[in-house]
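Trainee: I would like to learn how to read a model of this kind with care, one feature at a time. Could we look at it together before we discuss any details?

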Amino acid sequence: MDKLDNTYDIPLHDIKPLIEVQEYSLYYFIAIVTITSIILIGMLYLLYRYLRDRKKYNKRKEHFTILEALDFEQTKQAAYDLTLYGATFKDDTPRHLKHYELMVEKLEPYKYKKSVEPFDGETLRQIDVYKGMLDV
């Protein structure tokens, strides 16, 4: 047995000592998971906002629909509705404001009276110009 114990003391010349190997795969994995998570969270947030805003009440669209469906046979009610619902769009541009004010001025004789006559041609033209300017 003494002879076997001596075999461990033999110097090894062909084998090099162990060296430390730099391993970066864990850092690469963490970076990929982080970037993927950020992208996934961003996409989920955008999907949430899309679904939330899809069903949101759109006042401008609703008022535009009401203005398009007005019955000009009921002159007094149409004058009130044009004034009320047309105000939604008056602050879009200075041009909208100017035409809204002109339209309201033309509608004044048709309000505040018990009975009114149908819209005259100039008032109808002003209403059509204002309605033609509207966009939702």
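Predicted model: local features only at pLDDT ≥ 70, side-chain atom pairs only at ≥ 80, totals over all residues.

**Reading burial, rings and helix packing**

Trainee: How is a pair of aromatic rings described, and how many aromatic pairs are counted here?

Mentor: In general, the description rests on the distance of the centres and the angle of the planes. Rings of Phe, Tyr and Trp (its six-membered ring) pair if their centres lie within 6.5 Å, and the pair is stacked if the planes are under 30 degrees apart, edge-to-face if over 60, and tilted for the rest. By this rule there are 5 aromatic pairs. One of them joins Phe72 and Phe119, whose ring centres are 5.8 Å apart with planes at 75°, so this pair is edge-to-face. Phe72 sits in the loop between α3 (59-68) and α4, while Phe119 sits in the loop between α5 and α6 (121-133), so the pair ties together parts that are 47 residues apart in sequence. Helices here are DSSP runs of H or I with at least four residues, strands are runs of E with at least two, and both are numbered from the N terminus. Phe72 is partly exposed, with a relative accessible area of 25%, and together Phe72, Tyr110 and Phe119 form one aromatic cluster.

Trainee: How do the axes of α4 and α5 cross?

Mentor: Axes are lines fitted to C-alpha atoms, for helices over the stretch in contact, and angles run from 0 to 180 degrees between N-to-C directions. The axes of α4 (residues 75-86) and α5 (residues 94-107) come within 10 Å and cross at roughly 160°. The two helices are therefore roughly antiparallel to each other, given that angles over 145 degrees receive this label, while those under 35 count as roughly parallel, 65 to 115 as roughly perpendicular, and the rest as oblique. Their crossing is left-handed, which is to say that the near helix is turned anticlockwise from the far one by less than a right angle, with clockwise giving right-handed.

Trainee: Which residues of α4 and α5 meet?

Mentor: Contact means heavy atoms within 4.5 Å, and Ala79, Leu82, Thr83 and Gly86 in α4 meet Tyr100, Met103, Val104 and Leu107 in α5. By class, this contact holds 6 nonpolar, 2 polar and no charged residues, where Ala, Val, Leu, Ile, Met, Phe, Trp, Tyr, Cys and Pro count as nonpolar, Asp, Glu, Lys and Arg as charged, and the others, Gly among them, as polar.

Trainee: At what angle do α3 and α4 pack?

Mentor: The angle is about 155°, with the axes of α3 and α4 10 Å apart, and that makes α3 roughly antiparallel to α4. The contact of α3 with α4 has 4 nonpolar, 2 polar and 1 charged residues.

Trainee: What does Gln126 touch, leaving out residues up to four places away in sequence?

Mentor: Gln126, which lies in helix α6 and is buried at a relative accessible area of 5%, touches His99, Leu102, Met103 and Lys106 under that exclusion. His99 belongs to helix α5 and is likewise buried, with 15% relative accessible area.

Trainee: Where is Tyr112 found, and is it buried or exposed?

Mentor: Tyr112 is found in the loop between α5 and α6, and at 61% relative accessibility Tyr112 counts as exposed. The phi of Tyr112 is near 60°, a positive value in a residue other than glycine.

Definitions and conventions:
Residues numbered from 1 in each chain as written. Heavy atoms only, no water. Buried < 20%, exposed > 50% of the residue type's maximum accessible area, 1.4 Å probe, protein only.
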